[in-house]
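Visitor: I'd like to go through this one with you, starting with a ligand site. Could you bring it up?

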Amino acid sequence: MIDPFGRDVSYLRVSVTDRCDFRCHYCMAEDMDFLPKAEVLTLEELDRVCSAFVRLGVEKLRITGGEPLVRRNIMWLFTRLARHLESGDLKELALTTNGSQLARFAADLHACGVRRVNVSLDSLDPRKFAEITRGGDLEQVMQGISVAQDSGLEVKINMVALKGVNEDDVDTMLSWCGEQGFDMTLIEVMPLGEIEGGRVEQYLPLSLVRARLEERWTLSDIDHRSGGPARYVKVGETGGRLGFITPLTHNFCESCNRVRLTCTGQLYMCLGREDSADLRAPLRQDDSDSGLESAIIAAIARKPEGHDFVIDRRNPEPALVRHMSVTGG
Ligand code: SAM
Ligand code: SF4
């Protein structure tokens, strides 16, 4: 699938639920209204839509959410999708998770062909972790990470940089990732969804974080690309990689190879824009996938050249009202 700007769309991120067992401050409001079940794609529908994308040329699928591992019977979907890995049509089936349920699922995920998991972890201090996630248990996540490692999964840590919240934890996280042999990615807060408290207060430019890290660590730019918007450096002291995702200060759109599907079947061709295509209607219209495939092809033809995020003091409202847990981070 080649879009109008010549980019080969080979990567689909799929949110399988808007629900989560955590309530991270930057992601969700304390009391969220979750979607009625009938609006959310069934596991069978998720399999059909993912399989249609694979037929059309998607080679990498990332399952995300909300928290994908709290969706009931989620392993059914992984088991189904594994057939595309076996046929060679799909090169990678990956997962983004908060880690809380990993101890339970890591071995089965590996058995389905999952090799890489991104675990979100914003602090290694149990008290602070509970505060950021509004009640998350760090010990449970650490246990999940350890079982994932033992099961042969490659773990990458995602950390959202939050001004005045976990600024001082970045250094500790980088050391720990070095010891564990994990790559790490720092993410700037993005203006998605209505939450309490402004984004301007949480926004911490990664240029500043990098400058601070460079007082202690030897960071050298490298060419490594994970197929995403992260720019990577090598950490001299640990040999590990550190990625920076800076959607607000950098333009990564020119190499964007991805689209995102919400748990209700809306396809977003760009994380930073409102335009979406409804794939649930063609999915539910009939059992043949021809209407679905035409809808996907028509949507890719509308993929925009770039996004338009803005957070500034004159414009403190979120640029987009949907939450990351709906679109899939
Ligand atoms: N629950 C899983 C997790 O936390 O990894 C998967 C879904 S979560 C929405 C995916 C990623 O998006 C996480 O790394 C999270 O930190 C990040 N995220 C959520 N809201 C964000 C925001 N407003 N700005 C930047 N990153 C955000
Ligand atoms: Fe849940 Fe992930 Fe959002 Fe945190 S970032 S509330 S773990 S979906």
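Guide: Please keep in mind that this is a predicted model. The residues around ligand 2 are Cys20, Phe22, Arg23, Cys24, Cys27, Met28, Gly66 and Asn98.

Visitor: How many nonpolar, polar and charged residues are in the shell around ligand 2?

Guide: Sorted by class, the shell around ligand 2 holds 5 nonpolar, 2 polar and 1 charged residues.

Visitor: Is Cys20 buried or exposed?

Guide: Cys20 counts as buried, because its relative accessibility of 18% falls under the 20% cut-off. Cys50, for its part, is also buried, with a relative accessible area of 0%.

Visitor: And how many disulfides does a search of the whole structure find?

Guide: The search, run over the whole structure, returns 0 disulfides.

Visitor: Switching to pockets, what volume does the largest pocket have?

Guide: The volume of the largest pocket is about 350 Å³. It is lined by 13 residues, of which Arg19, Lys37, Val40, Arg71 and Arg72 are the closest to its centre. By class, that lining comprises 5 nonpolar, 3 polar and 5 charged residues.

Visitor: One more: where does Trp217 lie?

Guide: Trp217 sits in the loop that runs between helix H8 (206-213) and strand S7 (219-221), and at 8% relative accessibility Trp217 counts as buried.

Visitor: Which residues is Trp217 in contact with, leaving aside its neighbours within four places in sequence?

Guide: With those neighbours left aside, Trp217 is in contact with Asp171, Leu174, Ser175, Val235, Glu237 and Thr238. As for Lys234, which is 17 residues from Trp217 in sequence, the two are 9.9 Å apart in space, C-alpha to C-alpha.

Conventions:
Residues are numbered from 1 along each chain as its sequence is written. Chains are lettered from A and ligands numbered from 1 in the order in which they are written. This is a predicted model: local features need pLDDT of at least 70, side-chain atom pairs count only at pLDDT 80 or more; totals for chains, interfaces and linings use all residues. Side-chain values use heavy atoms; hydrogens and water are left out. On a 1 Å grid over the protein atoms alone, a cavity is a set of points where a 1.4 Å probe fits but cannot get out, and a pocket is an open set with protein on both sides within 12 Å along at least five of seven lines; lining residues have an atom within 4 Å of a point. Grid points are joined across faces, edges and corners, and a volume is the space filled by probe spheres set on the points. Ala, Val, Leu, Ile, Met, Phe, Trp, Tyr, Cys and Pro count as nonpolar, Asp, Glu, Lys and Arg as charged, and the others, Gly among them, as polar. A disulfide is a pair of cysteine sulfur atoms within 2.5 Å. Buried means under 20% relative accessible area, exposed over 50%, partly exposed in between (1.4 Å probe, protein chains only). A residue is near a molecule or strand if one of its heavy atoms lies within 4 Å of it. Helices (H or I, at least four residues) and strands (E, at least two) are DSSP runs, numbered from the N terminus. Contact means heavy atoms within 4.5 Å.
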